[in-house]
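Have the structure open while you read.

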Amino acid sequence: MILFSPQLWLFAVLIGLALFALFRRSSVVPLALYFAWLTVEDLVRKLWGNDMTVYFAKFILMGPIILQALRAWQGERYSLPRTMRAPLIAWVSVVLLNSFNPNLAHPLEALLGLHSDLLYLLVFLPVGYYLLRSPQKVATLFAFLCILAVFPTVVGVIQQTLSPTFLNERVLTGTELRPFIDRGVHVFRESYFQVNSVFVDPGRFASYAGMMLLIGIGMGLLFSEHRRYSLVGWIVAGMAVIDILFSGNRRTMVTALLTFILFLWLVIRPRVAEKKFRIGTMLVQRLPFVAVAVAVLYVIAADPIERGVRYFSTTLLGAEERPSELSRRLPGYVRQLAMIPSFGLLGQGTGAASLGKQYLSGRLGIPVSPDVSENGFTDKAYAYGVVGLAVWLWLLGAILVALWDARKNAPDAQRKAFATLIFSFAVVFFTAAQLLGSQFIQDYLNQSYYWTLIGCALSCPYWVNN
């Protein structure tokens with residue numbers, strides 16, 4: 001009977017949580033509930049055979065977040081940075097107008113594009129900017145997310161050390177969940193298992209770990225003078241490093257390494273002001289916490305950690321038997337840029353290069369536009385044409401300029417360090433990482449986190465103590 005449907009009870013619980021969050025005065029509560037659900041959503045999908053009603057459940061918890069953000073926006077005297085307003089309006093116009101592009105294989109593709117290229121940007125960038133306007137709110141949310149990250153990490157360690165099928169009897173293959181498949185890879189006669197933890201695939205787990213690495217380091221930097229918060233943040237950063245290692249995802253590892261290198265260069269380069277030296281000192285003092293977290297996990301899982309290090313070092317740096325994966329793949333990604341002029345001014349239409357097309361074709365039998373590249377810039381041109389790609393680059397450039405301004409205007413070393421971290425991530429993520437693909441940039445879990453973090457960094461010069 002429908003009355004006893006588990007989906008019905010799930011939605012009833014989520015609606016109750018959404019109403020609870022809506023009437024709470026704290027803006028952190030709806031965000032905490034939403035991100036908690038994102039952490040377990042894939043696990044629920046695995047247990048229920050990839051029921052797509054579970055996928056749409058997150059929009060219930062998104063409702064109170066949107067309403068609180070609109071309320072804060074109406075009463076806020078600080079609007080989004082001036083440099084971002086025109087390109088943001090232009091990008092919204094491009095996505096909406098291109099939804100009616102006659103080149104689309106099917107009109108429903110446009111809904112996918114509105115979801116992946118617009119929804120999370122318009123919701124979570126303002127959420128981070130307007131709702132997280134005090135150190136207390138940021139500390140509460142970040143601490144909650146850090147504590148929550150223990151669960152996926154423990155599951156990942158168990159899968160890597162004891163049983164790959166733990167909470168993982170079924171994994172996502174195409175549009176359906178199938179019996180467990182060993183996602184291991186073989187490097188020079190050695191197999192390395194790619195963990196997916198509570199998520200449907202290792203790539204999603206790696207994306208989550210990359211975001212938790214930012215949150216952990218960000219919390220450690222922001223609250224360096226508060227020992228408990230700082231300790232929790234740096235420990236979770238160490239856990240996130242192991243999570244990325246266990247996922248076997250090279251793109252996330254490269255993004256994290258490049259982000260940290262750029263961040264270090266910005267805070268310790270020659271002829272810096274005294275405030276920047278304070279950031280470098282603060283960083284050096286807290287890094288031992290990361291080392292302790294990694295060391296504890298090493299005691300538990302020494303062999304898989306060592307194999308993971310060998311896997312990344314051999315595939316990224318190369319060896320005599322096999323060249324580096326970067327040297328093999330990067331020229332192909334660069335060559336795909338040459339396809340951009342062939343897509344014309346307007347491209348194929350909103351959604352032509354979006355995630356989720358496999359569900360339209362596989363489950364509904366709807367024709368979809370073919371995939372043409374693995375390059376994020378080329379995919380944007382394929383969907384939105386040369387004009388759309390130019391607007392997208394304009395928006396990303398404006399965001400980077402605004403983050404740089406927030407970094408310069410930060411009133412103390414802690415906030416300056418946090419803004420520098422998010423700026424460093426955004427530079428790498430929107431350039432080098434996007435060159436290597438577009439799927440992870442569109443992913444809803446990734447977008448929910450990184451747009452919130454970018455909005456939070458943009459607002460940090462204006463935080464008040466309440």
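Predicted model: local features only at pLDDT ≥ 70, side-chain atom pairs only at ≥ 80, totals over all residues.

Start with helix α5 (residues 82–97) and helix α16 (residues 376–409): their axes come within 8 Å and cross at roughly 160 degrees. That is over the 145-degree cut-off, so α5 counts as roughly antiparallel to α16. The crossing of the two is left-handed. On the α5 side, the residues in contact include Met84, Leu88, Trp91 and Val95, while α16 brings in, among them, Lys380, Tyr384, Trp392 and Leu395. By class, the contact of α5 with α16 has 17 nonpolar, 2 polar and 1 charged residues.

Now for the charges. The count comes to 8 salt bridges, and here are some of them:

| Salt bridge | Closest N and O atoms |
|---|---|
| Lys380 with Asp117 | 3.5 Å |
| Arg204 with Asp443 | 3.0 Å |
| Arg415 with Asp412 | 3.0 Å |

Lys380 sits in helix α16 and Asp117 in helix α6 (residues 108–130), so this bridge links parts of the chain 263 residues apart. Both Lys380 and Asp117 are buried.

Arg204 lies in helix α9 (residues 202–222) and Asp443 in the loop between α18 (439–442) and α19 (444–459), so their bridge ties together parts 239 residues apart in sequence. Arg204 and Asp443 are both buried too.

What about Arg415 and Asp412, buried or partly exposed? Arg415 counts as buried at 14% relative accessibility, whereas Asp412, at 24%, counts as partly exposed.

Finally, salt bridges with shared partners join Asp42, Arg45, Arg204 and Asp443 into one network.

Definitions and conventions:
Residues numbered from 1 in each chain as written. Heavy atoms only, no water. Axes fitted to C-alpha atoms, helices over the stretch in contact; angles between N-to-C directions. Helix = DSSP H or I, 4+ residues; strand = E, 2+ residues; numbered from the N terminus. Parallel < 35°, antiparallel > 145°, perpendicular 65-115°, else oblique. Left-handed = near helix turned anticlockwise from the far one by under 90°. Contact = heavy atoms within 4.5 Å. Nonpolar A, V, L, I, M, F, W, Y, C, P; charged D, E, K, R; others polar. Salt bridge = Lys/Arg side-chain N within 4 Å of Asp/Glu carboxyl O. Buried < 20%, exposed > 50% of the residue type's maximum accessible area, 1.4 Å probe, protein only.
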